Amino acid sequence: MAANSETLVSAKNLKVHFPIHAGILRRQVGSVKAVDGLNFDIKRGETLGLVGESGCGKSTAGRAMLRLYELTDGQIDFEGTDIAGLSKDDLREMRPRMQMIFQDPQACLNPRMTVGDIIAEPLDEHTKLDSAEKRAKVKSLLESVGMNPDFVNRYPHEFSGGQRQRIGIARALALKPDFIVCDEPIAALDVSIQAQVVNLLQDIQEEMGLTYLFISHDLSMVRHIADRVAVMYLGKIVEIAPKEELYKDPKHPYTKALLSAVPVPDPEIEKTREHIVLQGDVPSPANPPKGCNFCTRCPAAIEKCFDEEPEWRKIGKEGFVACHLAE
């Protein structure tokens, strides 16, 4: 996937391994390969959806893209600058352009701070606005996410889950970023509120020209919001393609299994659909299989899959896949 002038951020051989210590001396005896060699790029103004089952490394990958986790290997290019190698001071200067919306809107807001103080915190850290200017900016941000600007003196516990997530979005927008990692921003919300938050994210993206990495396990919502979709399994991306291409004709066996689990709102079609039920458990990221990571559960696996890791290759118009059998 060659980057071009439209590419805002790209990951190259991105790895995040967490050490495993054991014994009295706490020596390292292994490592958990949470993210193990990701390669992708995100174009300016687009939304890349990152999907996969729980524990596959989606959130770790998202945090690594912002250097919230230190990389084991690889690089992250942000407009041509490798932020993986930046010092803390240089990285701090880049921070306003990269923000994150967290999964749990209750856990990510300080219960002892007012809404106004929470949203103003990035302004305190990275700008020199006076108190009146900050207060005006905070009220403007609250209005931009559909909330009453008079709520500045209230505390997070006084709001619903959807409202708290809007506060988190307002905080992320405070420094006018270019790139936002949305780490399952609707997972903790009621179904009735999820659509409102996703529509808000789309409206803000169109208005401000934002670029999103949208992490989720809700394939229906990803189809609604994403331009391209990357499918992740056990620390690796197994397939990436434009959403219509991927949903219409998935190439990787794991992608096919994921999409077969998405219900169709038509009883007649649902009766005739084939549901692929994967056997066995996901291998440990501390001890992944020798060949393809998916070989132990793949219904189509051949001997080659157990011995050789599949190459990352282009397939279809704009798709890429890591599978020996994909055509």
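Me: Ala, Val, Leu, Ile, Met, Phe, Trp, Tyr, Cys and Pro count as nonpolar, Asp, Glu, Lys and Arg as charged, and the others, Gly among them, as polar. With that, how do the residues of the lining of the second largest cavity divide?

Reply: They divide into 5 nonpolar, 1 polar and 4 charged. Before going on: this is a predicted model, where local features need pLDDT of at least 70 and side-chain atom pairs count only at pLDDT 80 or more, while totals for chains, interfaces and linings use all residues. Residues are numbered from 1 along each chain as its sequence is written, and side-chain values use heavy atoms, with hydrogens and water left out.

Me: What counts as a cavity here, and what as a pocket?

Reply: Both are found on a 1 Å grid over the protein atoms alone: a cavity is a set of points where a 1.4 Å probe fits but cannot get out, and a pocket is an open set with protein on both sides within 12 Å along at least five of seven lines. Lining residues have an atom within 4 Å of a point. Grid points are joined across faces, edges and corners, and the volume is the space filled by probe spheres set on the points.

Me: Which residues line the second largest cavity?

Reply: E239, I240, A241, E245, D249, K251, I315, G319, F320 and V321. Strands β10 (236–242) and β12 (319–322) each give at least two of its lining residues; helices (H or I, at least four residues) and strands (E, at least two) are DSSP runs, numbered from the N terminus.

Me: And what lines the largest cavity?

Reply: H252, P253, C292, F294, C295, C298, A301, C305, P310, C323, H324 and L325. By class that lining has 10 nonpolar, 2 polar and no charged residues.

Me: Is C292 buried or exposed?

Reply: C292 is buried, at 12% relative accessibility, and C295 is buried too, at 4%. Buried means under 20% relative accessible area, exposed over 50%, and partly exposed in between (1.4 Å probe, protein chains only).

Me: Which residues of α3 are buried?

Reply: V115, G116, I118, I119, A120, P122 and L123. What covers them includes α4 (131–144) and α5.

Me: What about the second largest pocket, how big is its volume?

Reply: About 260 Å³. It has 17 lining residues, and K236, I237, E309, P310 and A322 lie nearest its centre. The elements giving two or more residues to that lining are β2 (27–43) and β10.

Me: OK, core. Which residues have the most contacts inside the largest nonpolar one?

Reply: I119, V145, I167, I169, L173, L201 and I204, in a core of 59 residues. A nonpolar core is a set of buried Ala, Val, Leu, Ile, Met, Phe, Trp, Tyr and Cys residues joined through side-chain atoms within 4.5 Å. A second, separate core of 34 residues includes V16, C56, M65 and L91.

Me: What is I169 in contact with?

Reply: Leaving aside neighbours within four places in sequence, I169 is in contact with I101, V145, V197, L200, L201 and I204, where contact means heavy atoms within 4.5 Å.

Me: Last one, backbone. Which loop is R67 in?

Reply: R67 is in the loop between α1 (58–65) and β4 (73–78). R67 has a positive phi of about 60° although it is not a glycine, and it is buried, at 9% relative accessible area. E79, in the loop between β4 and β5 (81–82), also isn't a glycine and has a positive phi of about 50°. E79 counts as partly exposed, at 38%.
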